[in-house]
Amino acid sequence: MPATDDSLASFSAVLAGELPGQWSSEYHPNRDGSADHGELTAKVWDLDQVAAALAEHSLDHCAVLTRRADGTRLFVMDRNDDGFLIAAMAPNELPTEAYRGVREPDGIAVVANPFRAAKHVSLRLLPRYEQALAQVRDNAARLSTRPTDQQERVVLTWSGEDIVTAQPDRAVIAKALTEHGFVSDEARNLFVLSDGDSAQVAASVRAVGHRLSALGVGVLLSRPTGRPAPDTTHAQPPARPAPASHRTR
């Protein structure tokens, strides 16, 4: 992607100084190509343009901004053309079930001007994040008064040019997958999304993510490094969308 490592690192450092409160910036490079940013992208709380960018492009580098007062984190990556994408990251300590039915505080695209970007983050992204987080915390408080079930999660994994996922146990999940372009490969016990158009693949991933989220099923998009495609499983909080090594939940 067009921005250099230095530009993203510098942009993020200046942005951290312009946001309200005290923020720190940590840059995550991949200079030798061996870094795996999956643990970071799995926490990106977005099912829109940031998830699409992570689905369409491998992640060369990124930055994470952290607010010292409460641990709120923001994920920063290059944008396809000029500028950057910024998304909130889901907190670690809340139960997966608490995210059910809560709309993601989808990220924003900003120009490569950290001063203007800080205004957009403060006026658009952070208020959406705080609203979504308040809903999740309210859900978590309600859940604490009764036993909770682990949320089912579908893991979508890049395999070459395809995206694959294990055959789900529930027919409603299989229907959601097939309605958005996945085809059953019974020989491999997988559902496969094959399309040479990366934009269409990203659109299909976003669409199936929203559909499954509405059904109370979490979604994680993963780009593994030498690991087999994982099964439909039960999991930790959102990974929302977004792809791996390069989300969602």
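Start with strands β6 and β7. This is a predicted model. Strand β6, residues 152–159, is joined to β7 by three bridges. The two run antiparallel. Look for W158: the residue opposite in β7 is I163.

Now the pairing of β7 with β9. Strand β9 covers residues 190–193, and four bridges join β7 to β9. Again the pair runs antiparallel. Here I163 stands opposite L193 in β9.

How buried is β7? The strand spans residues 162–166, and four of its five residues are buried. That is why β7 is largely enclosed by the rest of the structure.

Next, helix α5. Which residues of α5 are buried? They are I173, A174, A176 and L177. Looking down the axis of α5, those buried residues fall within an arc of 160°, so they line one face of the helix.

For K175 the relative accessibility is 52%. The cut-off matters for this one: exposed means over 50%.

K175 also has a partner. It forms a salt bridge with E179, and the closest N and O atoms are 4.0 Å apart. The cut-off is within 4 Å. Both residues sit in α5, residues 171–179, and they are four residues apart, so about one helical turn separates them. E179 is partly exposed, at 49% relative accessible area.

Elsewhere, salt bridges that share partners join R67, D70 and E130 into one network. Take one link of that network. The side chains of R67 and D70 meet at 2.9 Å, N to O. R67 is buried, with 14% relative accessibility. D70 is partly exposed, at 46%.

Another pair is R100 and E97. Their side chains meet in a salt bridge at 3.2 Å, N to O. R100 is partly exposed, at 36%.

How many salt bridges does the model have? The count comes to five.

Back to α5 for its end. Just after the helix, G181 takes a positive phi of about 100°.

Last stop, a loop. D60 lies between α3, residues 49–56, and β2, residues 62–67. D60 counts as partly exposed, at 39% relative accessibility. Now find H28. In sequence, D60 and H28 are 32 residues apart. In space, their C-alpha atoms are 8.9 Å apart.

To recap, β7 pairs antiparallel with β6, and antiparallel with β9. Questions, please.

How values were computed
Residues numbered from 1 in each chain as written. Predicted model: local features only at pLDDT ≥ 70, side-chain atom pairs only at ≥ 80, totals over all residues. Heavy atoms only, no water. Buried < 20%, exposed > 50% of the residue type's maximum accessible area, 1.4 Å probe, protein only. Pairing = 2+ DSSP bridges. Arc of directions from axis to C-beta.
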